[in-house]
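Trainee: Could you take me through one part of this fold in detail? I would like the contacts and the numbers behind each label.

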Amino acid sequence: MKQGKMKKHILALVSLVIAFACIGFVLWMLGQNQSSARMRDFKEGWKVSLNGMEVADNADLPEVKFKHLNIGDKVVILNRLPENVKDGETLTFLVYLSTVEVKVDGKVIYTYGQEYAKKNRLVGSGYHFIDLPNDCAGKMIQVTMEVREPDAFTNMLTPTLSKTSGVYENFARRNMVGICICMFLTLLGALLMVISSVSVWYNKTFVRLIYIGVFSFLMGIWSMCNMKVLQVFDVDLAANSTVEYMTLYFAPIAFVLLIAEVRKDASRWKRQIVYGVAILLFLFAIITTILHFTNVEHYPRFLSYFHIFGGVSLVLVAATSIDKKKKFDVSSMVLYVGIIMLSVTIGLDLIRFNLQKYVFQDNEMLTFSIIQVGALAFIICLLNSYILYVYSILMDRAEQEWLTERVYHDELCGVYNRTKCNEEFRKLNRSDKDYALVNLDLNGLKTINDSLGHTKGDELLQEFAKILQSAFDGVGDVFRMGGDEFLVIVREDKFSQMDQCLNRMVKLEQRRSGELSYTIDSSYGVAKRSECPGEMTEKVYSMADQRMYEMKTKKKINRRLRQ
C-alpha cells in the first residue's frame, strides 16, 4: 500500500512539473518570438471628432478617451499620412464593434460592416488591414467608425504601417505563442472528444474525458477568436466575434459538469448546487444565443453579466467542492491545482480587461488575454489528473482481481476451490443446459503422507492437479473440493471430448508415476444432469460421487486379488 501511495505521489509531482514546464516554455517562447517585421507606429497628430464635434486635435490617438458611446455614434479620426510612406504599404488598426470607412484624399478605399449594420446584425471586432494606394504619402487619411454596440470602445490602439507583403507574416509572428496554444487546445480537445465519445460506450470512466475534451476544444476556439487568429484564415470579423462569444458562454458548462463528475461522491445538496449552476449557465448561453441570432440583443451586451454570473458560479462550485472531512486523493489534488491556476488567470484577465478598457486604454499589451495560458495549464493538469484517476482505478481493479483469485483458487494446487465450485453450482441450477460432473479421488494419499511425509503428499496433490488441468484443458473446469477429492465440470457442448480427456488423464498418471518415486492413481465417477431430470446440482454431484466410490472399491478388490 505504501509503494502504491509513493507511485501516486511521484506521478502527481511529475504532473505538476509538466504543467509548470509547459507554462515556462510558453513564456520562453513569448520572449523569443518577437516580431521581426518592420512596423511603424502612426499615433501622433490625429484630429478626432464625435458626432461632428471636435474631441481632440493634433493628439496621440491612444490617449483620446470616450466616456460613453451609444449605437449610431460616429467617431471620425483624421490625419496626414507620413511623407515616408512607400508604395505597397498597409495600415493596420484594431476596431471594436463598429463599422469602418477609410478615405484617402477624399476617396473611399476601404469599407467594412455597413451591410451588417443595415440588417441590425453584429459587426464584430478585429484588425483591419487597409492597403494604401500608391503615391499616398503626405495625403489626408480619414477613418469613420459608426458604433454598433453600447460602449463598444473607450479608446483606440495605435495604428501601424508596414509592407503589405509582410502584414500577415508580421501578425502571425506577433501571435505565435497564442496560435500554438490555441491550436494545441483545439486539436487536443477534438481528439479527446472523438476518442472518449466512442470509448464511453465501453467504460463510463471516459465521461470525464469527454468534458475535458469539450472544455479544451471550446477554450481553443475562443482563444483563436479572442486573439483574432482566425483572421489569418480569412474569417470575417462578424463570424469571428460570434464564435468568440458563443464559445466563451458555453465553455463553463463543460467545466462545471467536469467538477460534478469528479465530486459525484459529495453530499446530495452539494451535487444539486453544482448541477443547478450548470443548468443556469446552460440557460444563460441558450437565451443569449437566441437573442443574438434573432437580433434582439447581441452577445456583447451580456458580457458584464457573464463576468458577474461566471464569477459567482465559480465561487459556488469551488465552495461545494471543499470537504474538510474528506481526504482528497492525488488525482483530485492535481485537478484542484489546475482549477486554482485557471481561476487565478481568469481573475487576472478580468482585471486586465477592465484596466485596458477604462484605465490604460493605450497599452496594447493589455489587449491580449492570458486566459489561454491558464487554460493550457488547466488542461495539462486535467489530463494528468485523469491519468492518475485511471491509474488508481486500474490498481484497485488489479488488487480486487488478485484478492478474487485468492478467494476462488486453491493455494496449494492452483486450481479452483470449493467456494468457486459452490458458486458454479448456483449458476448451473439457474440454467436449463445439460452438464456433466466428473468426481475424482486421489488414491494412496494417506499412505504417502505416512511413509514419505506430508511434503511428498502435497507434491502428489500438485502433480495430480497439473494432470487434470492438462487432460481437461479447454474442455472442463478443475476444482479441488478438499483433501484428495477433485471435481471437473464439463458443459454440454464438450461431452464428445470427455472420454478422450479421461483416457489422457490415465495415460498422464501412468507416465508421471514412472518418473516419480510414488504412484499417481485416481478413481472417478461421471454423472450428467440429464440423468437426474428436475434435480439440483447436488443430486448430480452425489451420483458422480457414488460412481467414483464404486470404481474405488473395484480397484481395492483387484489389488487384493493380485496380492
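Mentor: R406 counts as partly exposed, because its relative accessibility is 47%. The cut-offs are under 20% relative accessible area for buried, over 50% for exposed and partly exposed in between, with a 1.4 Å probe and protein chains only. This is a predicted model, in which local features need pLDDT of at least 70 and side-chain atom pairs count only at pLDDT 80 or more, while totals for chains, interfaces and linings use all residues. Residues are numbered from 1 along each chain as its sequence is written, and side-chain values use heavy atoms, leaving out hydrogens and water.

R406 sits in helix α10, residues 371-408. Helices are DSSP runs of H or I with at least four residues, strands are runs of E with at least two, and both are numbered from the N terminus. Follow the chain from R406 to N417: the two are 11 residues apart in sequence, and their C-alpha atoms are 9.7 Å apart in space. Next, look at K420, which lies over the face of Y416, 5.5 Å from the ring centre. That label needs NZ of Lys or CZ of Arg within 6 Å of the ring centre and within 35 degrees of the ring normal. K528 lies over a ring face too, that of F495, at 4.5 Å from the centre.

Now the sheet. Four strands form an open, antiparallel sheet in the order β12-β13-β11-β14. Pairing here requires at least two DSSP bridges between two strands. β12 and β14 are the edge strands, each pairing on one side only. From one strand to the next, the twist averages 20°. Angles run from 0 to 180 degrees between N-to-C directions, and axes are lines fitted to C-alpha atoms, for helices over the stretch in contact.

Take the pairings one by one. β11 and β13 run antiparallel and are joined by 7 bridges. Within β13, E485 stands opposite D441. Helix α11 (residues 418-430) packs on this sheet and touches β11, β12 and β13. Its direction makes about 30° with that of β13. β12 and β13 also run antiparallel, with 6 bridges between them. F479 has L487 in β13 as its bridge partner. The hairpin of β12 and β13 leaves 2 residues between the strands, and G483 takes a positive phi near 60° there. β12 is mostly covered, with 5 of its 7 residues buried.

Helix α13 lies across β11, β12, β13 and β14, running at about 150° to β11. Its length checks out: the 18 residues, 454-471, should span 26 Å at 1.5 Å a residue, and the end C-alpha atoms are 26 Å apart, which agrees. The expected span is 1.5 Å times one less than the number of residues. Which residues of α13 are buried? They are G457, L460, L461, E463, F464, A465, I467, L468 and A471. Their cover includes the strands β11 (435-443), β12 (476-482), β13 (485-491) and β14 (521-528). Helices α12 (445-452) and α14 (498-515) are also among the covering elements. Contact here means heavy atoms within 4.5 Å.

For comparison, turn to the aromatics. The structure holds 15 aromatic pairs. Rings of Phe, Tyr and Trp (its six-membered ring) pair if their centres lie within 6.5 Å; planes under 30 degrees apart are stacked, over 60 edge-to-face and the rest tilted. Y249 and F284 have ring centres 5.3 Å apart and planes at 70°, so this pair is edge-to-face. Y249 lies in α6 (residues 237-262) and F284 in α7 (residues 268-293), so the pair ties together parts 35 residues apart in sequence. Y249 is buried because its relative accessibility is 1%. F284 is buried as well, at 15%. F284 also pairs with F309: the centres are 5.9 Å apart and the planes at 50°, so that pair is tilted. F309 belongs to helix α8 (residues 303-321), and the pair links distant parts of the chain, 25 residues apart. F309 itself is partly exposed, with a relative accessible area of 22%. Y245, Y249, F284, Y299, F306 and F309 form one aromatic cluster.

One more strand pair: β5 (residues 89-95) and β8 (residues 126-131) run antiparallel, joined by 6 bridges. F93 has H128 in β8 as its bridge partner. β8 is mostly covered, with 5 of its 6 residues buried.
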